[in-house]
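Colleague: I have the sequence and the coordinates open. Could you take me through them, please?

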Amino acid sequence: MTKIAFVREKEIPPSAPPITEVGIIGWLSQNLFSSWLNSILTVLSVYFIVIMLWDFIPWAYGGHWNTKSLRECLDLDPDVACFSVLAARWKQLLFGLYPSEEYWRPTLTFIFLLLAAVPILFPKFFRFFWFSIIYPGLAVWLLWGGSFWSISIVYIGLTVGTLLFLSLIRRYLKNYIIAAILAFFFTAVFFLFIYNPLVVLLNGILPISLPFVESLKMGGFTLSLIVGVTGIVASFPIGILLALGRQSNLPVIKMICVGFIEFIRGVPLITLLFVASVLLNYFLPPGTNFDIVLRVVIMVTLFSAAYMAEVIRGGLAGLPLGQHEASASLGLTYWQSQRLIIMPQALKISIPGIVNTFIGLFKDTTLVSIISLRDPVGLASTIRADQKWNGIYWELYVAIGLMFFIFCWGMSQYSQYLERKLKTDK
Amino acid sequence: MSSPSPPPSESFKFSMLLSDTRYRGMSLQVITFIIFMAVFFWLVDNTIKNLALLDKDVSFNFLWLRAGYDINQRLIPYSSDSTHGMAALVGILNTLLVAFVGCIIATVLGLFVGILRLSKNWIVAKLMSAYIEGFRNVPVLLWIVMVFALLTEFTSAPRAFKGAEPEATMVFFESVAITNRGTYLPAPVLEEGAYWLLLCFGLSIVAGIYFLRYANKKKKDTGKSLPTFWISAAVIVLPTFILFFAMGQPVSLEYPYLKGFNFKDGIHLRNSFLALTLALAFYTSAFIAEIVRAGIMAVSKGQSEAAASLGLRPNKIMRLIILPQALRIIVPPLISNYLNLTKNSSLAIAVGYMDVRGTLGGITLNQTGRELESMLLLMGFYLAVSLLISSFINYFNRSFQIVVR
């Protein structure tokens, strides 16, 4: 019998991982210095960051805020930022030429915008959706002013028209087309014959109105937001309709949609804006001259609707054919299956693209400066043309860029949140 | 057993046009068509009336009239005595120039940034996402004016290069001068015999392609692979290189030099051109980087694992398995980004670069007062470019997309 010299009776406790694999050192060696190439890249990046911050931090931190002109800044210390231009002109950058005693109106509109966005963005608050519905009218009234009734009666007319449409479908007709035609006819009659007398009457009884502010006074971020938000809200439904039209098997509708989408996507937005500012008067009855901001909003909306249509078409194409077939075999009508089966899935797939289109639209609002509207970029050149601030660049551009960055980056973060939330697989 | 009752005989009722699915589509289309045509004729009618009121007609004769304005950036001979049509052509070429150069820079940068963003190196990945987010979330117009300000404000005037101890010096071995009037590069000068060199280079490329085909065929037939990269590189470069010295260096560089208060000779890249091209390229490269990243990430990990289990080496996995699948995803949005860059080049007006919108849609339009015609031509040009590109995308999709059902 062999004698067993040694048997370990206790398990050895696991030894701690080597110091190069855990903690800060481990993280560094795995993430930053895992290979020669990686080490070189790390050193280069750190060098780059240090160089950038080395110049930027003293420049921004020591910046002057209280001087009267760029000359004064340069006399004090030419190597730091001259943020005084922002201190002196921030009102203009935010509100354009809006009358200063009325600044509360765009401010209130902006606060309401955030409130109106909440029910749409976060379904938890969907019970406040009524506020999002009345917001557009409220915003128009606050920004442009004029009689309160002229806008609220529009709402009443549209509400009655919609209710009529819905009740016609539910109770009597079961036919979308006839119901739509009847409801449209009623609404047209309302606006042609009843609208004006009613507004005059109500104004006589209870005059509520704000001083009127003309469109050319709008500017700065107020203008960017007006154009951007209206474009975003309006282009979404139009984009869906265009995408459906392009997928439709009715050749005439398909052709019109394809032609529209390809035309709009084929030309730069600038040319469309030029059409809006120069050519539109040719296409309308002689003597018509309607609001330049409205024209721009329409063009921007049409422009991004075409892009939206393509994004949504991508989502529709990404759906398996079985979904269409299954919904058809359940006996759903075209609109029912679109509403209940197809669109929810297609829109979910296309969220990133949709939000990218929104971001693109919001950035494109800067192009209105080229047809000499006063958006922030246009105002920057106006401010630089002022004798006091002639020669200033970075302070203005950094501030404007930062504002756009915050909005656009916020939108893209929201889209990522939405994607995570709606993810149903895995 | 009861015989099946005959289908109820239907008489056509007018309401069936709207309620019966057999006719509804047709009547809907007829209604749409009528509305569409009505709107169209209304617009045309308005235009005719408006033109009559303004005492104008529609004619493109202005294209053959003397333009009378100068364009400092041009690729073809042009003077103020040339016609408006010529000015438009100069503008078109300028647009295409910006688009071409911009697309190349954007692609290179975008590939670089997109791949680095996938790097395991934390700091590099973060830096690259900062680059992408920074450029994507700020309007391109702002980038254009910022790059222009950078180029004009932070560079020295040509006279700073003067004197024994100048304030500014030329970079890259005294060959490139970056001034606030633009950047001056050395220009290649083709002397006698240079065309033979070009011909030789062209032939070597053809030879290189044939060699690669041969090597491929040989590998398929015998299973042996040649060191294709080195041989093809030698086939392409060596003959031209030898010929260059054998013919006594027929291509030389002409360096820019300071004369008076400005630089002479060399290639003069104006700041307007540089600012526009660089800003568009940076901006677009951020989008391209995201496309590249998405394309690479979309190829599932199983693909590379399967390839590895077949015994393929990493570079072959990349070349034969990952890239072909990633490219299928990358190429269509890549091309549509090229198209976006081309369309965004119409922002040239912000820095005073004379592209087609600046000549045909700018000065020509203002001088002749032919808004309708100029805008039609301008839109026609952009439409033609974009239809050309989108038909290419469609062709690509048709020939490379995986076929399902």
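Predicted model: local features only at pLDDT ≥ 70, side-chain atom pairs only at ≥ 80, totals over all residues.

Colleague: Take F56(A) and W59(A). Why is that pair called tilted?

Modeller: The ring planes of F56(A) and W59(A) meet at 40°, so the pair is classed as tilted. Planes under 30 degrees apart would count as stacked, and those over 60 as edge-to-face. The ring centres of F56(A) and W59(A) are 5.7 Å apart.

Colleague: Where in chain A do F56(A) and W59(A) lie?

Modeller: Both belong to helix α2 (residues 36-61) of chain A. F56(A) and W59(A) are 3 residues apart there, which means a separation of about one helical turn.

Colleague: Turning to charges, how many salt bridges are there over all chains?

Modeller: The count comes to 14 salt bridges over all chains. One of these links R313(A) to E310(A), with 3.1 Å between the closest N and O atoms.

Colleague: Which helix holds R313(A) and E310(A)?

Modeller: That is helix α12 (residues 292-318) of chain A, where R313(A) and E310(A) are 3 residues apart, about one turn of the helix.

Colleague: Which helix of chain B gives the most to the side that touches chain A?

Modeller: α2(B) does, with 15 residues. Several helices of chain B each supply at least two residues to that side, among them α1 (16-19), α2 (21-53), α9 (271-298) and α13 (371-400). By residue type, the side of chain B that touches chain A has 34 nonpolar, 15 polar and 11 charged residues.

Colleague: How much area do chain B and chain A bury between them?

Modeller: About 5200 Å², of which 73% is on carbon and sulfur atoms. Q29(B), N137(B) and M379(B) supply 12% of the area that chain B buries against chain A, more than any other three residues. The contact involves 60 residues from chain B and 59 residues from chain A.

Colleague: Finally, what does the domain assignment of chain A give?

Modeller: It gives domain 1 (65-98 + 216-426) and domain 2 (146-210). The C-alpha centres of domain 1 and domain 2 of chain A are 30 Å apart.

Methods:
Residues numbered from 1 in each chain as written. Chains lettered and ligands numbered in written order. Heavy atoms only, no water. Contact = heavy atoms within 4.5 Å. Buried area = accessible area lost by both parts, 1.4 Å probe. Helix = DSSP H or I, 4+ residues; strand = E, 2+ residues; numbered from the N terminus. Nonpolar A, V, L, I, M, F, W, Y, C, P; charged D, E, K, R; others polar. Domains from an automatic or database assignment. Phe/Tyr/Trp six-rings, centres within 6.5 Å; stacked < 30°, edge-to-face > 60°. Salt bridge = Lys/Arg side-chain N within 4 Å of Asp/Glu carboxyl O.
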